[in-house]
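Subject: Handing over a structure, with notes

Dear colleague,

I am passing this structure on to you, together with some notes on what was found in it. Please have the sequence and the model open while you read.

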Amino acid sequence: MKITKHTGLKRILFAAGYSWKGLRHNVLYEAAFRQEVILALILVPIALIADVAKLERIFLIFSLMLVLLMELVNTAIEATVDRIGLDFHPLSGLAKDTGSAAVFISVLLCLYTWIAVFFSRISL
């Protein structure tokens with residue numbers, strides 16, 4: 001089977017289409033991703049209007065995007081493992097658990113970032 005390789009602008013357009021397809025799938029069928037998108041849609045405007053330094057604003061938004069990225073990677077890992085087979089195998093479990101751990105660590109990082117930025121503004 002010959003694989004067609006696109007180049008130039010055509011490659012960029014096809015890549016954008018594949019990206020859109022992946023995002024659409026995750027929004028429609030992955031509850032965790034959908035919840036994180038909703039949270040990002042609430043928190044990004046807060047980060048944009050908050051009275052924080054430019055670098056802090058970048059960290060706030062970056063930490064939210066990192067959670068979304070890790071969720072997408074986790075879904076890709078799970079889909080790949082499931083494609084190989086649904087039978088239990090320790091390595092399949094390890095792959096899925098590791099993807100989940102990456103999401104968890106990104107959520108912790110996001111939470112820490114938001115707490116650090118906003119609690120540094122409060123005088124106790």
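Helices here are DSSP runs of H or I with at least four residues, and they are numbered from the N terminus. By that rule, Q35 is found in helix α2. Residues are numbered from 1 along each chain as its sequence is written. Please bear in mind that this is a predicted model, in which local features need pLDDT of at least 70 and side-chain atom pairs count only at pLDDT 80 or more, while totals for chains, interfaces and linings use all residues, and that side-chain values use heavy atoms, with hydrogens and water left out.

To begin with the helices, the expected span of a helix is taken as 1.5 Å times one less than its number of residues. The 19 residues of α2 reach 28 Å from the first C-alpha to the last, close to the expected 27 Å, and the 30 residues of α4 reach 42 Å, close to the expected 44 Å.

Next comes burial, where buried means under 20% relative accessible area, exposed means over 50%, and partly exposed lies in between, with a 1.4 Å probe and protein chains only. In α2 the buried residues are F33, E36, A40, L43, V44 and A47, and what covers them includes α1, α3 and α4. The buried residues of α3 include E56, L60, L64, V67 and E71, with α1 (8–29), α2 and α4 among what covers the buried residues of this helix. In α4 the buried residues include G99, C110, W114 and V117, and their cover includes α2 and α3.

Q35 is exposed, because its relative accessible area is 56%, and its C-alpha atom is separated by 13 Å from that of L72, 37 residues apart along the chain. Y112, placed in helix α4, is also exposed, with a relative accessible area of 59%; the C-alpha atoms of Y112 and L60, 52 residues apart along the chain, are separated by 9.8 Å. N26 lies in helix α1 and is buried, with a relative accessible area of 6%. Leaving aside neighbours within four places in sequence, N26 is in contact (heavy atoms within 4.5 Å) with F33, R34, L72 and T75.

In soluble globular proteins, nonpolar side chains tend to be buried together. A nonpolar core is counted here as a set of buried Ala, Val, Leu, Ile, Met, Phe, Trp, Tyr and Cys residues joined through side-chain atoms within 4.5 Å. The largest such core has 11 residues in all, among them L43, A47, L60, V67 and W114, and α2, α3 and α4 each supply at least two residues of this core.

With best wishes
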